[in-house]
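Trainee: I have not worked with this structure before. Could we go through it together?

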Amino acid sequence: MSRSAFASLRGEVLSANLRIPRSGLATLTWGNVSGVDREAGVFVIKPSGVPYDRLREEHLVVVALEDGRVVEGGLRPSTDTETHRSLYRAFPSMGGITHTHSPHAVAFAQARRPIPVLGTTHADTFDGPVPVTEPLSPEQCAVDYEFNTGQVIVELLEGDDGRARTVPAALVAHHGPFTWGADAHASLEHAVICEAVAEMALHTLSLGAVRPPQHLLDRHFTRKHGADAYYGNPGAM
């Protein structure tokens, strides 16, 4: 991979990371976005603990997909790097991954409850509940904790790349949300949506939820996704 190509991926990942605080998803430095170049066998991720208002393109770290070694960068990568690597290796469709500690999605993760489908806003993006993993075992926490955090998501989705495409988010029990998409910005947008529908769900549950009819939910998902999608104007923006 050439230096200029590294710069392109770095620029994309920097821009997506800077959207975390602007989108109201971050407290302090709690969050990270990565983007992958599968042909080069690397991904770019935010460095550990660097405040967003000080983050620059040269701070980002390039990591090898195969073994997790740092290919380029003078700072330590995010502590969640091995979780990102675990997911990239398991799901070929993932081009970008976002992890945040956004409060409403975290509330569901801490309660070990999926985010239920209670309306069409949820169904526009997620074809079903946002699922929650099993807790990590003592052994998974003791050795390779961050990589195993990814593995519990892999197990949750049964390694099914198609399922990862239709519900591009998961909650790690007692921890928080991970979201993904075709690139870094798509993964960040899914994090924004995940937090929004989690907040809506909490309000709806407090009022007494009634599940919408499945045909309505299906209609909203398929008008944005799949061969017959007709929402938006591709190429117009």
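Predicted model: local features only at pLDDT ≥ 70, side-chain atom pairs only at ≥ 80, totals over all residues.

Trainee: How many bridges join β2 to strand β3, and do they run parallel or antiparallel?

Mentor: There are four bridges between β2 and β3 (residues 61-64), and the two strands run antiparallel.

Trainee: What about strand β1 and β2?

Mentor: Strand β1 (residues 31-37) is also joined to β2 by four bridges, again in an antiparallel arrangement. Within β2, Val 44 is the bridge partner of Gly 35, and Phe 43 is the bridge partner of Val 36.

Trainee: Which residue takes a positive phi in the hairpin of β1 and β2?

Mentor: That is Gly 41, with a phi near 75°; the hairpin has four residues between its strands.

Trainee: Which way do the residues of strand β2 point, and are they buried or exposed?

Mentor: Val 42 and Val 44 point one way, while Phe 43 and Ile 45 point the other way, and all are buried. In a regular strand, side chains alternate between the two faces of the sheet.

Trainee: Turning to the sheet, what is the order of its strands?

Mentor: It is an open sheet of seven strands, ordered β4-β3-β2-β1-β5-β7-β6, with antiparallel pairing. Its edge strands, β4 (70-72) and β6 (169-172), each pair on one side only. From one strand to the next, the twist averages 25°.

Trainee: Which strands does helix α8 lie across?

Mentor: Helix α8 (residues 184-207) lies across β1, β5, β6 and β7, and runs at about 140° to β7.

Technical notes. Residues numbered from 1 in each chain as written. Heavy atoms only, no water. Buried < 20%, exposed > 50% of the residue type's maximum accessible area, 1.4 Å probe, protein only. Pairing = 2+ DSSP bridges. Axes fitted to C-alpha atoms, helices over the stretch in contact; angles between N-to-C directions. Contact = heavy atoms within 4.5 Å.
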